[in-house]
Amino acid sequence: MLPRIAQRWLALALLLCGSMSNAEMRFVDSTPGSGIEFKAVSGAEPGKKGWLTEGMGNGAAWLDYDNDGLLDLYLVNGSSHQRKAGAGEPNKLFRALGDGKFADVTEKAGVADRGWGYGVAAADYDNDGDTDLYVTNQSDNVLYRNEGDGRFVDVTSKSAVGSSPWSASAAWFDYDNDGDLDLYVGNYMEADPKKIPRGGSPEAVSTYCTYRGIPVFCGPLEQRPEQDQLFRNDGNDKFVDVTEAAGLKLKTPRFALGVVTGDYDNDGDVDLYVANDSVTNSLWRNNGDGTFSDVGVATLSGLNSDGRAQAGMGTDFGDYNGDGWIDLIATNFSNDFNTLYKNLGGRYFIDESRVAGMSVTNMMLSWGTGFHDFDQDGDLDIFVANGHVYPHVDNHDLGTSFRQKNHLFRNHAGRFKEVGATSGPGFNLERSFRAAAFADYDNDGDVDVLVTALDDRPLLLRNDSAGIGNRIQLRLVGKKSNRDGIGARVIVTASNKAFRRDRKGGGSYLSSSDPRIHVGIGAAKKAERVEILWPSGTRDLLENVAANREIRVVEGSSPAKQ
Amino acid sequence: MIFRAPNRRIVHSRALLIGCGLALTLACAPDAPATAPENAESTDNSESTRPISSPDRSTAETAAIVAESAESKLAPLRAAVKKNPQSAQAIRALARELHDLNFKEESAAQFERLLEIDPSPRTLLELGLAYTGAGRFDDAIRTYEKRLESIPNDPITLHNLGSIAYRRDDFAAAADYYRRAIDAKPDYLLAHCRLGDSLKAVENYREAYRAYEAVLNLEPRNANEAEEYVNAMYELASLDLMMGAYQRAGQFLTEVLRVAPEHRSAYYAYGQVLLQLGQPELAQQALDRHAELLEKRQAEGAAAGGE
């Protein structure tokens, strides 16, 4: 037996040798010809941007709004400081037609919000069987209720979830476990250009709005951060702002950008992680009594291993090492690494970025991210969307660029290797990417990615990998729990190995992903057991489930023996 | 951060300080005044710091006040240059003030002007720093290379070239420059530290460890070097923590906290070490202390808007 230190050196040496096995993954740009005609607008054109509001990008949501079994796509669009409020570019809804084709149904569906949009969260908040939409804006947000007939109705006013400052990511989850979905809104910072010096002006330069010596638009640290909000769903489209009552009000708010929900301590209620820009990330432990405790620093998940706050952008929960506890990823600024936090039994997290191979310092500035098993070998890989926030870097010789390639980190026994360069032509494209929404949009069984880009058209990365493993796909339908099953934990056992996946709220950056649970099981042809632990406490158990087909599981339909 | 005199004996210490060490450091009260790092005049070693703005004003209002204040500092220097446009002293003073006030591009322009009057290696060094500050890395490299023609193997110039390579994430080139700087000046403490950083960035942890160890065999000669010395100890602890050498990490951290009782990162790392050693109560003490220091820092920063 090697001593522990020798084992670690050996592990790192193996990692550096790049001794990864398995077939290469392949992603192609399937946007051309798809019918997704969309170009994002985010303030002035890159060379003329003056404020951070113009550099944060726009989100995307995968949802089956018409319940036809095909995932549709909602894309959020922005505006500019020259335009009047409500005169931004309209958001778009693209209905899937099958065969990878989409049609613009925005007007018919009534979801063309023209605020300066950033994020979107899709879920069935009213438990009526169809997916609703919540859009975050630079000013007031919008809630669209799906009427079930292909149309949405704006219920913002009635629901009282619209009044927000500059919001970024939002997440639906049932924090009080009463069977309906509540809403967490991550808010960023002061957005009024009258209150923030224009980037490049003498006022901005003298207050250190510079990056590597280059005058740029002012970052968050000199600005007023905005307080996040939690809205409790009281039914009948009524929500109540319970931020303070739930213990979420901060003396100094924290520039929220990414939000994800999951039960990190396996105590049966859903917790919340918020990636904050330039300050401590927040892990809000659900106390089970309607309140939360801020345990980011106490659990070592708020800072990196050096005790340093990073510039958190996107985030996700996922059990990357297969130990039954969900871990965390947070993406960060350039010249820094994306941080992988390993969950140690629900009490602490350890920053494993270096040991796991995620810490190669690089010039990429990272945003949307997600734990997904792209090669279906049974462990979760990591996708990271990249793009610099400052267009100004292209005019200087800093060794970085505004447009960047995305990253794909392949998981091999809990250690990662970046394999974008060998993962198909889709990873060779350079844009200033922002949000990433994950889905098996073509229903071929593997996970694809939609990546938005600043001032550009989105990139639909279709997963065309050959020779990958088998999978179990689940569509959860809650009865006692919320209908989407958000907060459910799924344990799939195949070839005597257990895989945990969660039905999460939020995740990535400004985005919503495929509501289905996707579990790669490698070479196994079936799962011996599929166990679903619903938020209500109900446990369903399916046995001998054949691989490579989608299974609809209604809560309580296959009760597990206690 | 508050520093006590570094203790070179750390590398020879055999005492196991886990646990009792924490109690010792938690009880320590700072007894030395804060010492601002001496600006090694020509060594590119730090980023600008931010001014604190008032929470009662918008950033735009604060910015206008700061800009006005900056201009009032610059006005007499500009006047001096206008009055005596060939005075190297006047131009240098203006260029330096511009640099300090974050007007990097204008500072570089003034140093360019100075170079025409005073084409000395000193001016080349200053101009190199100004270019670096303005994000003009290629110009900085050309300027430093010109200085190397006058002073071959000048360790400061090599160090600064290494810093540019590091900022561009060209860590292999950075390590090469730092090695050359060390060859030219084996007791160049900052170059050893940056060599460690560069090697760590490319995950050459063994060599990085050696580079940081080498720092501990040197004698810091000023506050800046003392800070780097302590950070080298911290980096050794951090590498030990990563590699699972928890006992040794604990030793280094104990020493870091002895000489720098407000080293937040050290408490954070110490908490992780103690967790790994199965001492959750002591770990919690260390993490609480870290949280306390973080809160203090956040309170200081709150006036600027964020934590």
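Let's start with strand β7 of chain A and where its side chains go. Asp132(A), Tyr134(A) and Thr136(A) point one way from β7(A). Leu133(A), Val135(A) and Asn137(A) point the other way, and all are buried. Buried here means under 20% relative accessible area, exposed means over 50%, and partly exposed is in between, with a 1.4 Å probe and protein chains only. In a regular strand the side chains alternate between the two faces of the sheet.

A word on the source. This is a predicted model, so local features need pLDDT of at least 70 and side-chain atom pairs count only at pLDDT 80 or more, while totals for chains, interfaces and linings use all residues. Side-chain values use heavy atoms, without hydrogens and water; residues are numbered from 1 along each chain as its sequence is written, with chains lettered from A and ligands numbered from 1 in the order in which they are written.

Back to β7(A), residues 132-137. Since 6 of its 6 residues are buried, the strand is largely enclosed by the rest of the structure. Strands are DSSP runs of E, at least two residues, and helices are runs of H or I, at least four, numbered from the N terminus. Which strands does β7(A) pair with? One is β6(A), residues 117-123, antiparallel over 5 bridges. Another is β8(A), residues 142-146, antiparallel with 3 bridges. Pairing means that DSSP finds at least two bridges between two strands. Look at Tyr134(A). Opposite Tyr134(A) stands Ala121(A), and Tyr134(A) also stands opposite Leu143(A) in β8(A). A hairpin through 4 residues takes β7(A) into β8(A).

Next, another sheet in chain A. This one is open, with 4 strands in the order β24-β25-β26-β27 and antiparallel pairing. Its edge strands are β24(A), 366-372, and β27(A), 415-418, and each pairs on one side only. Neighbouring strands are turned by 20° against each other on average, direction ignored. Those angles use axes fitted as lines to C-alpha atoms, for helices over the stretch in contact, and run from 0 to 180 degrees between N-to-C directions. Inside the sheet, β25(A), residues 381-386, and β26(A), residues 407-412, pair antiparallel over 3 bridges. There, Val384(A) sits opposite His407(A).

Now disulfides, meaning cysteine sulfur pairs within 2.5 Å. How many are there over all chains? The count is 1. Cys209(A) is joined to Cys218(A), S to S 2.0 Å. The link is right-handed, with 100° about the S-S bond. Both Cys209(A) and Cys218(A) are buried.

On to chain B. Chain B has 14 helices and 0 strands. Buried residues make up 55% of its 307 residues. Contact means heavy atoms within 4.5 Å. Among contacts in chain B between residues at least 6 apart in sequence, 58% join residues at least 24 apart.

Take helix α8(B), residues 171-184. Its 14 residues reach 20 Å from first C-alpha to last, close to the 20 Å expected at 1.5 Å a residue. That expected span is 1.5 Å times one less than the number of residues. The buried residues of α8(B) include Phe171(B), Tyr177(B), Tyr178(B) and Ile182(B). What covers the buried residues includes α7(B), 155-167, and α9(B), 189-201.
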